[in-house]
Every structure is written in structure tokens, then in C-alpha cells.
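Here is a short report on one protein model. It looks at charged pairs, then at a strand and its neighbours.

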Amino acid sequence: SLTGWWRASYSASPWTGTASAGTSGSNDLTEATNPPAAGTAVNGLNPADFDGTNDTLNFGGTLDTYGAALAFSGWCLFYCDTLDRTLIYSAAASLNIYPGSPNFIFGVGASYVQRACSASTWTLATWRYTGSNLQVGINEAPGAAGGGSTTAYSTAMVLTDPVVISSGGSFWDGKILEIGMSDTSLTDQNFTDIKSYVNSRYGLAL
């Protein structure tokens with residue numbers, strides 16, 4: 001059972017995430033300001049297409065929904081039109097997740113971990129905070145066991161701020177087919193299953 005799981009089929013404004021198996025309705029994505037447009041369908045499913053200027057969306061609830069035990073995981077299936085843009089942001093927790101140039105970065109406070117990332121291609125980014133380290137992966141499970149990257153991090157986070165897709169002065173520029181947050185440290189096998197699922201659902205070969 002996964003929390004905060006949205007998978008594409010874009011619907012009209014005011015936009016909300018489409019409920020999926022294992023999803024809590026209160027954790028669906030909801031409109032914040034100026035919702036994204038509908039992108040060109042991939043295997044019959046329309047992504048949410050952010051314009052890189054002022055589109056933002058909120059995860060329902062706050063980061064403590066996903067990290068009550070100081071552990072959480074996430075993933076996003078995206079197509080990045082422009083690198084160096086914010087994907088997920090939470091001010092109070094100093095949480096920043098963004099595709100940079102040339103690396104996808106998962107950071108909390110001054111600590112961060114990164115993995116090579118490219119624009120103009122569908123990509124599955126994965127991240128995991130275990131309570132003792134940060135881990136990230138691109139088209140793989142996060143962390144050393146999954147072939148990704150890891151760094152130590154054990155400082156307690158402030159877990160009271162809404163989690164936002166795209167915020168601040170560097171708005172997300174690209175398309176999202178699926179995004180999820182879980183309030184546990186998902187296993188490498190969980191991430192392998194997620195990758196298999198998105199490849200099948202969207203006709204990809206990541």
C-alpha cells in the first residue's frame with residue numbers, strides 16, 4: 001500500500017490527482033496555482049505539462065504525512081524540458097528535489113545526493129530517506145544496492161510544511177506521468193516493481 005500516489009490521466013481545472021490502488025484520497029495532488037496543461041498522450045495517458053513559469057501543485061497534507069518516522073520514499077516519472085528546475089520543494093523541511101545540469105539532486109538542508117540525469121527523455125527518478133542517509137537513483141532503485149548514490153544524513157527534519165511540486169524562482173519545466181511519496185523506506189524490490197509497472201503502463205523501456 002502506497003501513500004500519495006498519483007498516476008496520469010490529466011483532468012480539467014481545478015485539477016486533482018486521479019485516485020489509484022493503495023492511495024489515500026486525502027493525499028492526492030491538488031491545485032495550488034495555475035494548474036499545468038494536458039501534455040501529448042503517452043500510451044493513451046496524458047501527462048501534466050508544466051510551463052516552467054508559475055505552475056505549482058500541492059501534495060495533500062504535509063511532509064510529516066510521509067515522514068512521520070523520519071523515513072520516506074518517492075519516485076517520479078517525468079520528461080524534463082529544461083534542466084536546473086525545481087521538481088519537489090518543502091521550505092520548512094529544507095527539502096529540494098530537482099533535475100540539475102547534469103545531475104538529478106535530492107537534498108535536505110545542506111546535505112544532498114545526486115545522480116546523472118538528462119533532459120528530453122522520459123526518466124524514472126527514485127529517492128529514499130532512511131533516517132540515516134539520503135539515496136537517489138535514475139531508472140533504478142536508490143542507493144548503493146540499487147546502483148544509485150547515497151550520502152549520510154541523520155539530522156532531524158522539520159516535518160510540518162506542505163510538499164509542493166515546483167516552487168520558488170525555478171519552476172518545473174516539463175511533463176509528469178506519475179509521482180508518488182510513501183511514508184516508509186521502500187525496498188529495492190519495491191522500486192524494481194515500480195519501474196516494471198511504469199514501463200508496462202506507459203510503453204517505455206527504461
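## Salt bridges

K175 is buried (under 20% relative accessible area; exposed is over 50%, partly exposed in between; 1.4 Å probe, protein chains only), with a relative accessible area of 15%. This is a predicted model, where local features need pLDDT of at least 70, side-chain atom pairs count only at pLDDT 80 or more, and totals for chains, interfaces and linings use all residues. Residues are numbered from 1 along each chain as its sequence is written, and side-chain values use heavy atoms, leaving out hydrogens and water.

K175 forms a salt bridge with D81, meaning a side-chain nitrogen of Lys or Arg within 4 Å of a carboxyl oxygen of Asp or Glu. Their closest N and O atoms are 3.2 Å apart. K175 lies in strand β15 and D81 in the loop between β6 and β7, so the pair ties together parts 94 residues apart in sequence. D81 is partly exposed, at 32%.

R128 and D188 also meet in a salt bridge (3.0 Å, N to O). R128 sits in strand β11 and D188 in helix α2. Helices (H or I, at least four residues) and strands (E, at least two) are DSSP runs, numbered from the N terminus.

## Strand β9

β9 pairs with β8 in the antiparallel sense over 5 bridges; pairing needs at least two DSSP bridges between two strands. β9 also runs antiparallel to β10, joined by 6 bridges. F106 stands opposite V113 in β10.
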